[in-house]
Amino acid sequence: MIVHRPVLLKEVLSLLVPPADGGLFVDATLGEGGHTEAFLETYPRLSAIGVDADPAIQAAARERLRRFGDRVRFVNAWYGDFFSGYSEGRAPNLVLMDLGVSRFHFEASGRGFSFDRDEELDMRLSPGLAMTAADIVNAWEASEIAGILQEFGQERFARQIAARIVRERARSPITTSARLAAIAAAAVPASHRHGRIHPATRTFQALRIAVNGELEQVQKGVTEAVRVLAPEGRVGVITFHSLEDRIVKRIFRDKSRSCTCPPEWPICQCGGKSELRLVTTKPLTASEEEVASNPASRSAKLRVAQKPRGEAA
């Protein structure tokens, strides 16, 4: 059984503390349920909702959290959609979003997330999505593929990799993760094939982000979570690359300003009330001890903000 180790767990538990009467915790990216398990163990009066778009990984979380009974319930949905259509009747006191991809997806899903495995090139985090990574690499123009490799993967050899993909697919469709990894590796200069990271790393990241609309979910999910959050409630977001972190940082910064009117307006129309207070002015990162025991935490960053008293959804 694959068990994803929750990152920054000590920091999350210390900053996201429920009210004395128990409160409601929403784990917006449930995964295998590690963070939720720790919250329910630490705070015996707390109730939780676990949200995830992937029914397969949610099944694993259900088993892991079975012992908590009706203290936790599960919603199969994208977290942005969950918060935009929020209808629980009770505002959440705590919201956590861990935007990392679980080990389950890399090691057990069989969907081609890892360049170390020979699997069908899918990369969908939810089976309900129409487009797969194979659809992109086999149908998109070279310029379009290069564009997402540059934008979502920050890949310096995007044009070379895209050109190689188009050339190779003309021979036969690219349908497996192993073949795509080999194509990406062959496309970069020889001097870059044996560096600290695999030469296909950024290609795989970019395709996964594009297939799942991950950055759109971050924008929508964080914005809507702030809207429905209970007064004095807190939202914490763990990111793993700069594209995600910039979005979270911008939303938190903008909503923490006392005036949110457009800069061209000569007079404040919003009443000068901020929607959030920054709890962490700079992101928290994993300790050396955590990185040593859980290398996946190396790039994790945690930002936390709080809704002021009296700011209802």
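Author: Start with the terms. On a 1 Å grid over the protein atoms alone, a pocket is an open set of points with protein on both sides within 12 Å along at least five of seven lines. A cavity is a set of points where a 1.4 Å probe fits but cannot get out. Lining residues have an atom within 4 Å of a point. Grid points are joined across faces, edges and corners, and a volume is the space filled by probe spheres set on the points.

This is a predicted model: local features need pLDDT of at least 70, side-chain atom pairs count only at pLDDT 80 or more, and totals for chains, interfaces and linings use all residues. Residues are numbered from 1 along each chain as its sequence is written, and side-chain values use heavy atoms, with hydrogens and water left out.

Now the largest pocket. It holds about 1,300 Å³ of space. Its lining has 34 residues. Nearest its centre lie F106, T201, Q205, A296 and S299. Helices here are DSSP runs (H or I, at least four residues), as are strands (E, at least two), numbered from the N terminus. Helices α5 (103-107) and α10 (201-212) each supply at least two lining residues. The largest share, 5 residues, comes from α10. By class, the lining has 12 nonpolar, 12 polar and 10 charged residues. Ala, Val, Leu, Ile, Met, Phe, Trp, Tyr, Cys and Pro count as nonpolar, Asp, Glu, Lys and Arg as charged, and the others, Gly among them, as polar.

Next comes the second largest pocket. Its space is about 200 Å³. There are 13 lining residues, and F157, H192, I197, P199 and R202 are the closest to its centre. The lining divides into 4 nonpolar, 5 polar and 4 charged residues.

The structure holds 1 cavity of 30 Å³ or more. The largest cavity has about 450 Å³ of space. It is lined by 31 residues, with T29, D52, D98, L99 and G100 nearest its centre. Two or more lining residues come from each of α2, β2 (47-52) and α11 (214-228). The most come from α11, with 4 residues. The lining splits into 14 nonpolar, 10 polar and 7 charged residues.

Leaving out residues up to four places away in sequence, T36 touches F25, D27, L30, A48, L65 and V72. Contact means heavy atoms within 4.5 Å.
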